[in-house]
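Subject: Structure handover

Hello,

Here is the structure we spoke about. Please keep it open beside this email while you read the notes below.

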Amino acid sequence: MRTYIVFIVGTAGSGKSRLTEAFGNWLKMSKQDVATVNLDPGVDSLPYSPDIDVRDYVNISELMEKYQLGPNGALIMAADLVADQIEKISREIEELKSDIILVDTSGQMELFAFRASGPYIANELTNEPKALVYLYDAVFSVNPSNYVSNLFLSTAVLNRLMLPQLHILSKCDLLPREEVDRIVDWSAKQDALAEAIETKLEGTKRLLNRSMMRAIYNLGLNFPLLPVSAKTNDGMVNFNTALERVLAAGDKYTF
Ligand code: GDP
């Protein structure tokens, strides 16, 4: 039996926790055996009850008090302490015997993606097949310059973690359909993004974004965006089909 592990990653507020909740519920309704893991020791409240919660292992308030740290220092220390607990967390995951595990990562993406502990956790969290879902916040991505910045961030995450990666345009209910289609078009066709950069940006910003876009395309990377809403469940079917393809060669997780 396989357990597929899916890390949900994105900048602070991009919708990781809401997507974990909504996609988890959607999978349950589709009769898939799913469980959720909260990997963020610093989160106050979550929109779902995780089956495994890293806050049971690492307590931010205790770290602040014991080591006289501010909230940021405690979060950094906590991210590294989570790595120390990875064997226990892996055992908990194995005991769940679920077919797919959604792992909601740290609110601040850099704590997961840009510290030494991140790739270690991604590697060591069981020996099961893994994928990463990277969220582009739809409202942030309406501007081609913000979109290109996110393209770079998602490439940096790929460079750090080297897991099969899917790209989601999150919160797509917050934009009119034509705006969503425009951003999806940028992700699918270099010409569409090039035209937006030429027409919507000026001066140094235009030059910079043009060069950044070319650098990504010269790497041969192609990150087609799948629009999804955790509020309306729009796009969940396509998201799930893409994830099944990446993880299970197109099969369902649970038969
Ligand atoms: P995280 O920091 O990446 O985990 O982001 P959250 O899941 O906490 O979401 C940040 C904010 O965006 C919250 O106020 C959510 O309710 C809101 N949000 C997340 N996903 C959606 C969505 O699909 N649609 C709408 N309208 N709001 C969303």
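A residue is called buried if its relative accessible area is under 20%, exposed if it is over 50%, and partly exposed in between, using a 1.4 Å probe and protein chains only. The model is predicted, so local features need pLDDT of at least 70 and side-chain atom pairs count only at pLDDT 80 or more, while totals for chains, interfaces and linings use all residues. Residues are numbered from 1 along each chain as its sequence is written, and side-chain values use heavy atoms, with hydrogens and water left out.

Buried strand residues

Helices (H or I, at least four residues) and strands (E, at least two) are DSSP runs, numbered from the N terminus. Contact, or touching, means heavy atoms within 4.5 Å.

Start with Leu225, which belongs to strand β7 (residues 225–227). Leu225 counts as buried because its relative accessibility is 4%. Setting aside neighbours within four places in sequence, Leu225 is in contact with Tyr136, Tyr147, His167, Ile168, Leu169, Ile183, Val184 and Ser187. Leu225 and Tyr134 are separated by 91 residues in sequence, yet their C-alpha atoms are 9.6 Å apart in space.

Ser170 is part of strand β6 (residues 165–170). Its relative accessibility is 6%, so Ser170 counts as buried. With neighbours within four places in sequence left aside, the contacts of Ser170 are Ser14, Leu135, Tyr136, Asp137, Ala138 and Val228.

Ile5 sits in strand β1 (residues 4–10), and Val103 sits in strand β4 (residues 100–104). Ile5 is buried because its relative accessible area is 0%. Val103 also counts as buried, because its relative accessibility is 0%. What does Ile5 touch, not counting residues up to four places away in sequence? Its contacts are Ile93, Ile101, Val103, Leu125, Thr126, Glu128, Pro129, Lys130, Ala131 and Leu247.

A buried serine in a helix

Ser117 is in helix α6 (residues 117–124). Ser117 counts as buried because its relative accessibility is 7%. Its side chain makes a polar contact with the side chain of Asp80, at 3.1 Å. A polar contact is a pair of N or O atoms within 3.5 Å; within protein, one must be able to donate a hydrogen and the other to accept it, and residues adjacent in sequence count only if both atoms are side-chain atoms. Not counting residues up to four places away in sequence, Ser117 touches Ala79, Asp80, Ala83 and Leu111.

Two packed helices

Two packed helices are described by the angle between their axes and the distance between the axes. Axes are lines fitted to C-alpha atoms, for helices over the stretch in contact, and angles run from 0 to 180 degrees between N-to-C directions. Helix α7 (residues 144–161) packs against helix α10 (residues 203–218) at an angle of about 35°, and the axes are 10 Å apart. From α7 the contact uses Pro144, Ser145, Val148, Leu151, Phe152 and Thr155, and from α10 it uses Lys205, Asn209, Met212, Met213, Ala215 and Ile216.

Two loop residues

Gln68 lies in the loop between α2 (60–67) and α3 (71–84), and it is exposed because its relative accessible area is 70%. Met162 is not a glycine either, and it has a positive phi of about 50°. Met162 is in the loop between α7 and β6, and it counts as exposed because its relative accessibility is 59%.

The ligand

There are 13 residues around the ligand, the closest being Gly13, Lys16, Arg18, Asp173 and Ala230; a residue is near a molecule if one of its heavy atoms lies within 4 Å of it. A polar side-chain atom of Arg18 is 2.8 Å from an oxygen atom of the ligand. For Lys171, a polar side-chain atom lies 3.2 Å from an oxygen atom of the ligand. In Gly15, a backbone N or O atom lies 3.0 Å from an oxygen atom of the ligand.

Regards
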